[in-house]
Amino acid sequence: SLRIRQTNDDLALSVVLASIAREPAEDRFQLMIRNLPTDEISTQLVDADPPPFSGGRLNAEIDGRMLLGSTVEIAAPIDVELIDSRIRIGGEEATIPRLTLRLDVGGELSDPAIAIDEETLAESLRDAGHAVLAEKARSEAEKHLDDGIQRLEEKVGIEIPSDVRDGIGEALGNGLGDLFGGGKKKP
């Protein structure tokens with residue numbers, strides 16, 4: 001067996017070649033990558049312009065098995081977490097704070113087949129869409145709040161103090177947080 005770990009824990013690799021041991025067993029490998037810039041891998045994996053995901057960073061964990069022969073065959077699920085990445089699907093795009101998905105990889109190591117676990121992707125997009133919708137609503141509310149306060153100041157001829165502005169914005173933000181989830185918990 002061989003184990004490699006980067007000192008900052010952004011990379012770890014473990015390979016166990018048990019098929020050549022005195023008591024043969026299954027050959028296995030594990031790979032963990034953290035904080036890899038998404039653009040470094042998206043351009044290598046996906047032949048599309050623009051790619052379906054870009055920007056941000058990613059974490060990935062692979063725990064699979066190998067079959068050593070005239071070629072090296074692998075079978076492994078890959079759990080991927082995209083963080084602050086721009087996702088493009090069907091002409092729509094959004095920056096999503098966190099998106100998890102599972103890929104299934106199998107076949108020859110030199111040219112493996114890759115399939116996306118569609119259930120995990122759909123669930124993750126549904127959850128992420130919720131967060132994106134909430135952020136868009138907050139952004140729009142802040143914009144309208146600023147416009148409304150400015151019109152009020154013009155109409156009455158009095159400048160509203162910044163602490164009052166902040167208090168109104170915080171109250172609205174908490175209300176939206178409660179509406180979309182993620183609002184502050186009350187003691």
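This is a predicted model: local features need pLDDT of at least 70, side-chain atom pairs count only at pLDDT 80 or more; totals for chains, interfaces and linings use all residues.
1. Surface and burial. The accessible surface of the protein chain comes to about 12,900 Å², and carbon and sulfur atoms hold 54% of that area. Accessible areas here follow the Shrake-Rupley method with a 1.4 Å probe, and for residues only the protein chains shown count as cover. Of the 187 residues, 24% count as buried (under 20% relative accessible area; exposed is over 50%, partly exposed in between, with a 1.4 Å probe and protein chains only).

2. Residues are numbered from 1 along each chain as its sequence is written, and side-chain values use heavy atoms, with hydrogens and water left out.

3. Confidence. The average pLDDT (the predictor's confidence in each residue, from 0 to 100) of the protein chain is 79, and 81% of the residues score at least 70. Over residues 175–187 pLDDT stays under 50, and the model has 16 contacts beyond four places in sequence for this segment. Contact means heavy atoms within 4.5 Å.

4. Fold order. The protein chain has three helices and eight strands, which run β-β-β-α-β-β-β-β-β-α-α from the N terminus. These are DSSP runs, numbered from the N terminus: helices are H or I with at least four residues, strands E with at least two. Among contacts with a separation of 6 or more, 43% join residues 24 or more positions apart.

5. Largest pocket. Its volume is about 920 Å³. Of the 33 lining residues, Ile41, Leu45, Ile78, Leu103 and Ile114 are the closest to the centre of the largest pocket. On a 1 Å grid over the protein atoms alone, a pocket is an open set of points with protein on both sides within 12 Å along at least five of seven lines, whereas a cavity is a set where a 1.4 Å probe fits but cannot get out; lining residues have an atom within 4 Å of a point. Grid points are joined across faces, edges and corners, and the volume is the space filled by probe spheres set on the points.

6. Lining of that pocket. At least two residues each come from β3 (27–37), α1 (38–45), β5 (57–68), β6 (72–89), β7 (92–108) and β8 (113–116). The most come from β6, with nine residues. By class the lining has 32 nonpolar, no polar and one charged residues (nonpolar: Ala, Val, Leu, Ile, Met, Phe, Trp, Tyr, Cys and Pro; charged: Asp, Glu, Lys and Arg; polar: the others, Gly among them).

7. Thr38 and Ser54. Thr38, in helix α1, counts as buried because its relative accessible area is 0%. Beyond four places in sequence, Thr38 has contacts with Phe53, Ser54, Gly55, Gly56, Arg57, Leu58, Leu82 and Ser85. Ser54 belongs to strand β4 (residues 53–54) and is buried, at 14% relative accessibility.

8. Backbone points to check. Asp9 is not a glycine, yet has a positive phi of about 60°. Asp9 sits in the loop between β1 (2–5) and β2 (11–16) and is partly exposed, at 40% relative accessibility. Asn35, also not a glycine, has a positive phi of about 60°. Asn35 lies in strand β3 and counts as partly exposed because its relative accessible area is 40%.
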